[in-house]
Each structure stands twice: as C-alpha cells, then as structure tokens.
Amino acid sequence: MSELKEWIAASAENESYFMQQQEIWFSAVGNDTGKYNSEKAFMQFKNRIAGQIQVQPQKKSTLFNWRIYGRYAAAAILLCLVSYFSYQQGEINIAKGFSMNVIEAPLGSITKVSLPDGTQVWLNAGSKIAYSQGFGVNNRELELEGEGYFEVIQNQQMPFWVKTEELVLRVLGTKFNFRDYPGDEEVIVSLSEGKVGLINLLKDEEDAFLSPNERAVLNKKSGDMHVESTVISIA
C-alpha cells in the first residue's frame, strides 16, 4: 500500500491512471463487493499468462517473456491494490454516514430495549443510551447515562462496550447492572453472570475485573475504584 501511494504521488500521469482504474473497479463490481471472487480472478490471470507464453515463437528470448509476465503481474497487483483501497475507503465513508440512535426511558417508568445484536437492555427511569446505526455490523459500542440492566449476547469476535463519562465497561457475554446518573457521587457496576473488564477514565490505573456476585464502586471525586463482594437480587 505504501509503494502504491508513492507511485501515485510520483506523477500526475500515475494519479490519473490510478483514478481511471478505480472508476473501472467501481463500475465493474458496483456496491456488492462481496461477489468479487479473488481466487477465480487470479486463476483466470494465470491462464491468460500461460496462453501468452505458449504462443510466443521459440526465437523470442526468455527476457522478453519475463517482461510480458511482469507487465501482467504488475497489472494484477495494481488491480488488487485498487480494489482493496477502494473497499477500505468505502467502509470508512459508510461508517461516517451512520447517525446515532438515542433511546430514553421516561420518568417514572422502565423501558426495555432490544439492540440489533439481540442484547436486551432495561433502562431505569430518566436513563438513556446512544449507539450508532452500524451497531452490530462493525462494532458493539454504546453510551449510557443513568442506569441500565444488560443481558449481552456473546460474540467472541466483537466485544460489547458501555461507556459513560467516568467508566468504560468491556464484556463478551454477560448480565450486569450499570448505574451512573449525572448527579450520583459514585458509579456502580454489579455483575450477576459472566465476566467484565472496567477502565477507569478518572484515574490512570490497571483495568479491574468483576466476577459474578461482585460489584465495582467508582468515586467520582477522588477517582478511586474498588471491587467488593455482594449478593445481587434482580427483580
């Protein structure tokens, strides 16, 4: 990729050629890049090369054959780099276009929320969560204000993150209660099942971990956080 970028920057002709190839790529595959079969394309390329070499007269030098092979190989490599670069840029542009979903529980009531990945959240009165429209596609991150009880669907490849102004929680699949209202003096995370990691945003310290029937208490003024045993009773 770095060599491609240097080559593009070397001249206006190179940049123009790259843009032309990129347009050809987009025109060929459209928006459904998942249909592109790289292995099949490479085999077709090898067959074309074999055909070119076979039809060359015997009097042609080996150096000439290698020059032909080199041109096709360079074209194939450039096509792969263009497609990869275009795909990556497309993902970035799509992610930037996602808006935020905000769900808030009215005062005096509890609101149940089903997230796109199947995770269930019960928001206490006056609480709210915010997450991207891309939630469950390339991330599982949300912001919490207030209190929520979570039953997280397990996904080893995509951890679940809950963030407030003072604390970040990382889970794979578990059940826990997270309380952090703006007016509270403490942030409290209580775990009933699974395991979670906690990152203290108020103080530089090692990450803490909770096991079932434990809770973490973070003092908002001092930034001190400690883990203690508790018996959790969820109605």
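**View 1. Residues 29–34 of the predicted model, where pLDDT stays under 50.** For this segment the model has three contacts beyond four places in sequence, a contact being heavy atoms within 4.5 Å. pLDDT is the predictor's confidence in each residue, from 0 to 100. Its mean over the chain is 80, and 68% of the residues reach 70 or more. Because the model is predicted, local features need pLDDT of at least 70 and side-chain atom pairs count only at pLDDT 80 or more, while totals for chains, interfaces and linings use all residues. Residues are numbered from 1 along each chain as its sequence is written, and side-chain values use heavy atoms, with hydrogens and water left out.

View 2. Helices (H or I, at least four residues) and strands (E, at least two) are DSSP runs, numbered from the N terminus. Asn14 has a relative accessibility of 16% and therefore counts as buried; the classes are buried under 20% relative accessible area, exposed over 50% and partly exposed in between (1.4 Å probe, protein chains only). The Asn14 side chain reaches the backbone oxygen of Trp7 at 2.8 Å. Leaving aside residues up to four places away in sequence, Asn14 touches Trp7 and Ile8.

**View 3. The aromatic pair of Trp7 and Tyr17, one of six in the structure.** Rings of Phe, Tyr and Trp (its six-membered ring) pair if their centres lie within 6.5 Å; planes under 30 degrees apart count as stacked, over 60 as edge-to-face and the rest as tilted. Trp7 and Tyr17 are edge-to-face, at 6.3 Å centre to centre with 80 degrees between the planes. The pair links distant parts of the chain, with Trp7 in helix α1 (residues 2–10) and Tyr17 in helix α2, 10 residues apart. Trp7 is partly exposed, at 34% relative accessible area, and Tyr17 is also partly exposed, at 35%.

**View 4. The stacked rings of Phe150 and Phe176.** The ring centres are 4.9 Å apart and the planes lie at 10 degrees, so the pair is stacked. Phe150 belongs to strand β5 (residues 141–151) and Phe176 to strand β8 (residues 175–180), 26 residues apart, and the pair links distant parts of the chain. Phe150 is buried, with a relative accessible area of 0%; Phe176 is buried, also at 0%. Ring pairs link Phe150 and Phe176 with Tyr131, Phe135 and Phe160 into a cluster.

**View 5. Lys195 over the face of Phe209.** Lys195 lies at 5.4 Å from the ring centre of Phe209. A charge sits over a ring if NZ of Lys or CZ of Arg is within 6 Å of the ring centre and within 35 degrees of the ring normal.

Definitions and conventions: A polar contact is a pair of N or O atoms within 3.5 Å; within protein, one must be able to donate a hydrogen and the other to accept it, and residues adjacent in sequence count only if both atoms are side-chain atoms.
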